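Here is a short report for a reader who is new to this structure. Please look over the sequence and the model before reading on.

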Amino acid sequence: MSATRPEGYDPYAFEPFAVTVDLAVFTVREGRLHVLLVERGQEPYQGAWALPGGFLLPRESAETAARRELAEETGLSERTAADLHLEQLRTYSEPDRDPRMRVVSVAYTALVPDLPEPRGGGDAAHARWTPLPAAAPPGAPGRDRRPAPLAFDHDRILADAYDRIGAKLEYTCLATAFCPPRFTLGELQQVYETVWGVELDRPNFRRKVLATPGFVEAVEGEPRRTGGRGKPAALYRAGAASVLHPPLLRPEGRQQT
């Protein structure tokens, strides 16, 4: 049921502005962290790469708009877009962030395994998975090799989203979703190193993982794989936990160059 406008309220007394959504969607492909980008097919910033997104329709929520725009601009199926776990990142409201008019954007982020190859649609000329560091935000490894800035303030949104997904691996079991059903601790460590952009100490990582209740479970009776040094490596599967306690914190000062 729609609310009745209060008597004496004049909506035209305020300058109008638009609301948009932007999405920073990450995945791991071929051992590298990728972000989903679209090439803008219209002005402003025609030909520039940007995060997928667009304007809210009059009768939809921000999350509904985010899923619709993701499907329209990247060619991902509506089913795929609907099933993604999107996390609201923050709101971006600087007055001059869009040259067309005052635009407030609600940004979402996600780190998801096994996403299909995208294709451009809507007002996006092309869509692609772009590997980091080619799309690295400030502070990420290889930032100086980035070819061109993103449209609007999407560099800032990407940087914030990059920080958020890195933190998500600290306190959730999400990393196991990027491993095969049965995996070695070395494969799990590779996921963390890929997303965080750091080299982790192998014995320390193993100790922390095995000391975290419900993170992984040993696969009993399975054959053992050969590790990088020729030593047998035990197999594990994802445990029952969804939250890591204690969290698996990123080491400071060991970022790759």
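Predicted model: local features only at pLDDT ≥ 70, side-chain atom pairs only at ≥ 80, totals over all residues.

Residues are numbered from 1 along each chain as its sequence is written, and side-chain values use heavy atoms, with hydrogens and water left out.

**Overall make-up**

The chain has five helices and eleven strands. Both kinds are DSSP runs numbered from the N terminus: helices are H or I with at least four residues, strands are E with at least two. Of the 257 residues in the chain, 47% are buried. Buried means under 20% relative accessible area, exposed means over 50%, and partly exposed lies in between (1.4 Å probe, protein chains only). Contact means heavy atoms within 4.5 Å. Take the contacts between residues at least 6 apart in sequence: 65% of them join residues at least 24 apart.

**Strand 6**

Strand 6 spans residues 103–111. Nine of its nine residues are buried, so strand 6 is largely enclosed by the rest of the structure. Both faces are covered. One side holds V103, S105, A107, T109 and L111. The other holds V104, V106, Y108 and A110.

Strand 6 pairs with strand 1 (residues 18–29) in the parallel sense, over nine bridges. Two strands pair if DSSP finds at least two bridges between them. Here F26 stands opposite L111 of strand 6. Strand 6 also pairs with strand 5 (residues 87–92), in the antiparallel sense and over five bridges. Q88 has Y108 of strand 6 as its bridge partner.

**Helix packing**

Two packed helices are described by the angle between their axes and the distance between the axes. Axes are lines fitted to C-alpha atoms, for helices over the stretch in contact, and angles run from 0 to 180 degrees between N-to-C directions.

| Helix pair | Axes come within | Crossing angle |
|---|---|---|
| Helix 3 (residues 154–171) and helix 4 | 10 Å | roughly 155° |
| Helix 4 (residues 185–196) and helix 5 (residues 202–211) | 11 Å | roughly 100° |

Helix 4 is therefore roughly perpendicular to helix 5. Angles under 35 degrees count as roughly parallel, over 145 as roughly antiparallel, 65 to 115 as roughly perpendicular and the rest as oblique. On the helix 4 side, the contact is made by L185, L188, Q189 and Y192. On the helix 5 side, it is made by R202, F205, R206, V209 and L210. By class, this contact has six nonpolar, one polar and two charged residues. Ala, Val, Leu, Ile, Met, Phe, Trp, Tyr, Cys and Pro count as nonpolar, Asp, Glu, Lys and Arg as charged, and the others, Gly among them, as polar.

Helix 3 and helix 4 are roughly antiparallel to each other. From helix 3, Y162, I165, G166, L169 and E170 meet Y192, V195 and W196 of helix 4. This contact has six nonpolar, one polar and one charged residues.

**Two loop residues**

D153 is in the loop between strand 7 (124–131) and helix 3. Its relative accessibility is 14%, so D153 counts as buried. Leaving out residues up to four places away in sequence, D153 touches Y92 and R97.

T176 is in the loop between helix 3 and helix 4. At 11% relative accessibility, T176 counts as buried. Again leaving out residues up to four places away in sequence, T176 touches F183, L188, F215 and A238. T176 and F215 are 39 residues apart along the chain, and their C-alpha atoms are separated by 8.6 Å.
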